[in-house]
Amino acid sequence: MIRKLPWACLLGWLGGMGLVPGSAPAAEPKRPNIVFLFSDDHAYQAISAYNDPRKLIETPSIDRIGRQGMRFDRCLVPNSICGPSRASILTGKYSHINGFYNNSNSRFDGSQPTFPKMLQGAGYQTAMIGKWHLVSEPTGFDEWHILPGQGVYYNPPMIHNGKRVKHQGYTTDLITDFSLDWLKARDKSKPFLLMCQHKAPHRDWEPPLRHLGHNGDRVYPEPSTLFDNYEGRGKAESDQQMTIAETMTPGDLKLVPPNGLTSEQKKTWDAYYEPRNAAFRSAKLEGPDLVRWKYQRYMHDYLGCVKAVDDSVGRILQFLDDEGLAENTIVVYSSDQGFYLGEHGWFDKRWIFEESLRTPLLVRWPGVTKPGTSTAQIVANIDFAPTLLEAAGQPIPPDIQGKSLVPILKGETPADWRKSFYYEYYEYPQPHHVRPHYGVVTERYKLVRFYGSDVDEWELFDLKTDPQELRNAINAPANAPVVAELKRELTRLRTELKVPDQIPEGATGQSPAPRSKQAR
Ligand code: CA
């Protein structure tokens with residue numbers, strides 16, 4: 001099935017055939033460029049466009065994309081963890097179809113179709129610069145310049161078109177420099193796809209030297225669930241390893257400096273952290289006071305990393321303005337999933353719960369998307385591939401599981417747009433000890449099943465009466481009809497999405513899988 005092409009493309013084609021009166025014969029349809037700006041673990045709570053009540057940070061450049069385009073308020077991920085999310089974006093498919101389940105032993109099969117590969121085949125120039133994190137080498141890109149594995153924040157080794165290189169500087173800035181270099185050197189006669197993908201603000205949250213002290217030692221408001229005791233929920237929530245209280249390491253907390261700084265960098269680093277660490281040590285904090293201190297340190301560092309990502313977005317947008325490219329370029333900002341900024345006492349992601357399930361998505365598409373708009377429709381990162389293919393006038397392969405967002409971006413949400421969403425998570429027990437689970441998400445409810453050798457628990461959350469997801473309401477007699485309905489919907493989605501009945505071997509990441517030819 002070939003879905004319909006955008007009218008601009010059709011007109012261009014008709015014009016090319018000489019079928020539109022007055023149009024230039026054989027004129028190439030002007031296909032939009034695509035700039036895909038992406039970060040790792042960037043919580044929507046840390047983007048000012050999303051109006052988090054804590055007002056953690058101002059992100060003027062990321063906000064600008066939404067102000068000049070559309071903000072998506074419920075963009076979900078099918079499997080809330082780094083590698084699987086990236087595989088879903090490239091393929092438009094769930095982990096159980098694209099084969100990338102976890103960060104422990106999955107390896108992306110680069111021979112499968114991806115949207116960059118399809119755009120490259122359609123004449124786009126393509127580049128992937130920054131964090132890749134899919135183990136195998138990138139395919140479908142004319143140029144790739146990636147961090148090996150998770151990458152580091154300072155002076156990173158990288159792999160440039162297969163060759164190992166080493167750079168000096170702050171990784172977010174370098175990824176921006178290399179992205180701009182590629183844009184400057186491109187063939188101006190062809191459209192392009194740039195994927196500029198940051199490591200930041202992933203753990204362990206090392207800010208750039210210029211943003212140390214960016215907040216003037218501000219005391220950040222705490223989330224109301226910082227001291228969540230997981231009462232009213234099951235074993236999965238209480239028996240995990242991702243609390244600020246217990247799981248953060250001295251490196252996470254900058255009580256020891258990162259490896260690999262130059263002596264000049266280390267001098268600036270120490271000048272900021274050492275006096276503060278000395279004060280911390282002499283205070284001998286314990287209990288809730290210690291958790292509070294860790295939360296404040298976490299916010300300082302995490303938000304410093306976000307600030308550098310916003311700087312990067314600003315530089316790229318400025319370049320598009322300066323080169324006269326903004327009008328014909330789709331700009332997307334997103335992240336590989338959401339993240340906990342102290343909610344439920346946590347950092348990290350993985351859960352079906354809102355903070356990790358939702359990811360930021362802002363899209364600017366001049367002439368198509370009305371500036372300053374937003375949508376609460378349930379969309380997902382599997383929708384990115386079909387959206388960008390349609391925007392580029394390319395057919396959408398029928399086995400793609402996502403749906404094109406082009407109608408929503410035009411302000412014409414189809415009446416049959418999805419009302420429910422299937423979620424799956426596999427990686428267990430390490431790291432973070434979050435039990436495998438799957439579930440169905442609607443506007444109002446979440447039904448989830450946690451499973452494994454020692455757990456088989458169903459939970460229901462009602463976002464209308466319990467937006468913080470603190471009460472498992474599955475046993476309330478009044479909820480029986482909604483539980484039955486959600487179970488039917490879950491079965492329907494699992495069938496439609498071809499979810500295997502048995503968890504595939506290796507999906508939890510604990511048994512070895514082939515890791516040859518990996519880009520590490
Ligand atoms: Ca991530």
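**A walk through the predicted model**

Pro-201 sits in the loop between β7 (192-197) and α7 (235-238); helices (H or I, at least four residues) and strands (E, at least two) are DSSP runs, numbered from the N terminus. The peptide bond that leads from Ala-200 to Pro-201 is cis, with omega near -5 degrees. Another cis peptide bond runs from Tyr-428 to Pro-429, with omega near 0 degrees. Pro-429 belongs to the loop between β12 (420-425) and β13 (437-442).

This is a predicted model, in which local features need pLDDT of at least 70 and side-chain atom pairs count only at pLDDT 80 or more, while totals for chains, interfaces and linings use all residues. Residues are numbered from 1 along each chain as its sequence is written, and side-chain values use heavy atoms, with hydrogens and water left out. The protein chain has a mean pLDDT (the predictor's confidence in each residue, from 0 to 100) of 94, and 92% of its residues reach 70 or more. Over residues 1-25, however, the pLDDT is below 50.

Two loop residues have a positive phi without being glycine. For Val-135 phi is about 70 degrees; Val-135 lies in the loop between β3 (125-131) and β4 (143-147). Val-135 is buried, with a relative accessible area of 7%; buried means under 20% relative accessible area, exposed over 50%, and partly exposed in between (1.4 Å probe, protein chains only). For Asn-161 phi is about 45 degrees, and its loop joins β5 (157-160) and β6 (163-166). Asn-161 is partly exposed, at 39%.

Asp-40 lies in the loop between β1 (33-39) and α2 (60-67), and Asp-336 in the loop between β8 (329-335) and α10 (354-357), so the pair ties together parts that are 296 residues apart in sequence. Both Asp-40 and Asp-336 are buried.

The axes of α8 (residues 263-283) and α9 (residues 287-322) come within 13 Å and cross at roughly 170 degrees; axes are lines fitted to C-alpha atoms, for helices over the stretch in contact, and angles run from 0 to 180 degrees between N-to-C directions. That makes α8 roughly antiparallel to α9, a label for angles over 145 degrees.

Methods:
Contact means heavy atoms within 4.5 Å. Angles under 35 degrees count as roughly parallel, over 145 as roughly antiparallel, 65 to 115 as roughly perpendicular and the rest as oblique.
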